[in-house]
Amino acid sequence: MKVLLAGATGYLGSHIAKAMLNKKMDFKAIARNPQKLIAMGIPKEQIIEAQLTDRASLKGICSGFDAVISTVGITRQKDGLSYMDVDYQANKNLLEEALESKVQKFVYVSVLHGAALQHLQICAAKERFVTELKASGMPYSIVRPSGFFSDITEFYEMAKKGRAFLFGDGQVKVNPIHGADLALVCLDALHEPNTSIDVGGPEVLTHQAIAEAAFNSLDRKAKITYIPNWLRKIILRISSLFLPKAQFGPLEFFLHVMAMDMYAPAYGQHTIRGYFNELKQTEKTRHR
Ligand SMILES: NC(=O)c1ccc[n+]([C@@H]2O[C@H](COP(=O)([O-])OP(=O)(O)OC[C@H]3O[C@@H](n4cnc5c(N)ncnc54)[C@H](OP(=O)(O)O)[C@@H]3O)[C@@H](O)[C@H]2O)c1
């Protein structure tokens, strides 16, 4: 099976690319900045430089591929583009090309509970794409992760600074998943019939337990400040009035999911404590 991967420069996409390299799979990766992929060890001949937001420039990009995996979406990018421009339209551009080239499978990464959260800008865009993918006749798998280890790095950073800030009473439960584990879910999804896969990591922990694990990994006593939910709601309201739409979107998503349980069927090997220890080791090596 020949796979075209979009999003390989990102957290999850880079793990998918590494997993495909390890498995010696036949694949190419699309990037707007190929240097990032070269730095990751992806051979030049497996890289396609393209702008997914520019439909005209994608002509024939899916030709010869059996499957497409897309993890493309806005997380921390500050290009001034909206979720509709990227999470919806860029993926739609790719889907149209995939349909023209008679690709046999499209794996798309959305968000856990995305359908129920369409009042949020990010989920509105992702779910609009999901709806069109399902209606397109293209065989699909929608992967719906609970959250990524890359995001809980923030708990580690707060612990390093000496104090963690949590919303409510810190008892909201989550099971984020490591990119390496989720990459395998995405690759297995290539062989699934039309499906939607809710997935999280192996441990369901409260925000408080994650914060404590972060302090613990640094051999520090946990210091936690709890931000009341009424204050979270006021921040949300004020930000919605004064921030430009593109800046408000990520904050809107963050302030919502930090106040709700986000756990899904458990998968994978990587633990949160192991991840914090990994971060600590990486820092030690860097400082040597
Ligand atoms: N983080 C979470 O907890 C979480 C949870 C559930 C679902 N998700 C979703 O999972 C997906 C992957 O997340 P991630 O953490 O791997 O994100 P990431 O590290 O930000 O990677 C996103 C990818 O999309 C590409 N991209 C973004 N804007 C683009 C644009 N304007 N044109 C072309 N490419 C663009 C990025 O390319 P560049 O490197 O060139 O910017 C990158 O390859 C996202 O759609 C995210 O919403 C995330």
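Lys-102 sits in the loop between helix H3 (83-100) and strand E5 (105-109). The model is predicted. In it, phi of Lys-102 is near 55 degrees, a positive value in a residue other than glycine. Lys-102 has 64% relative accessibility, so it counts as exposed. The cut-off behind that label is over 50%.

Next comes strand E2. Asp-26 is found in this strand. Is Asp-26 buried, exposed or partly exposed? Its relative accessible area is 44%. Buried requires under 20% and exposed over 50%. Asp-26 is therefore partly exposed. What does Asp-26 touch, once its neighbours within four places in sequence are set aside? Its contacts are Met-1, Lys-2 and Val-3. Ala-211 gives a sense of span: 185 residues separate it from Asp-26 in sequence. In space, the C-alpha atoms of Asp-26 and Ala-211 are 40 Å apart.

Beyond E2 lies another loop. Asn-33 has its place there, between E2 and helix H2 (34-39). With a relative accessible area of 33%, Asn-33 is partly exposed. Asn-33 and Ala-8 are 25 residues apart along the chain. Their C-alpha atoms are separated by 10 Å.

Now the aromatic rings. How many aromatic pairs are there? The count comes to seven, taking ring centres within 6.5 Å as the criterion. Tyr-275 and Phe-276 form one of these pairs, with centres 6.3 Å apart and planes at 45 degrees.

Step back to the whole chain. The protein chain holds 10 helices and 11 strands. How compact is the protein chain for its length? Its radius of gyration is 19 Å, close to the 19 Å that the globule rule gives for 288 residues, so the chain is as compact as a globular protein of that length. Along the principal axes, the C-alpha atoms fill a box of roughly 55 × 45 × 35 Å.

Take the contacts in the protein chain with a separation of 6 or more: 77% of them join residues 24 or more positions apart. Of the 288 residues, 50% count as buried.

The protein chain exposes about 13900 Å². Carbon and sulfur atoms supply 53% of that area. The protein chain carries 35 positive and 28 negative charges.

Note on methods
Residues are numbered from 1 along each chain as its sequence is written. This is a predicted model: local features need pLDDT of at least 70, side-chain atom pairs count only at pLDDT 80 or more; totals for chains, interfaces and linings use all residues. Side-chain values use heavy atoms; hydrogens and water are left out. Helices (H or I, at least four residues) and strands (E, at least two) are DSSP runs, numbered from the N terminus. The radius of gyration is taken over C-alpha atoms; the globule rule is 2.2 Å times the number of residues to the power 0.38. Buried means under 20% relative accessible area, exposed over 50%, partly exposed in between (1.4 Å probe, protein chains only). Contact means heavy atoms within 4.5 Å. Accessible areas come from the Shrake-Rupley method with a 1.4 Å probe; for residues, only the protein chains shown count as cover. Lys and Arg count as positive and Asp and Glu as negative; His and the chain ends are not counted. The place of a charge is taken as NZ of Lys, CZ of Arg, CG of Asp or CD of Glu. Rings of Phe, Tyr and Trp (its six-membered ring) pair if their centres lie within 6.5 Å; planes under 30 degrees apart count as stacked, over 60 as edge-to-face and the rest as tilted.
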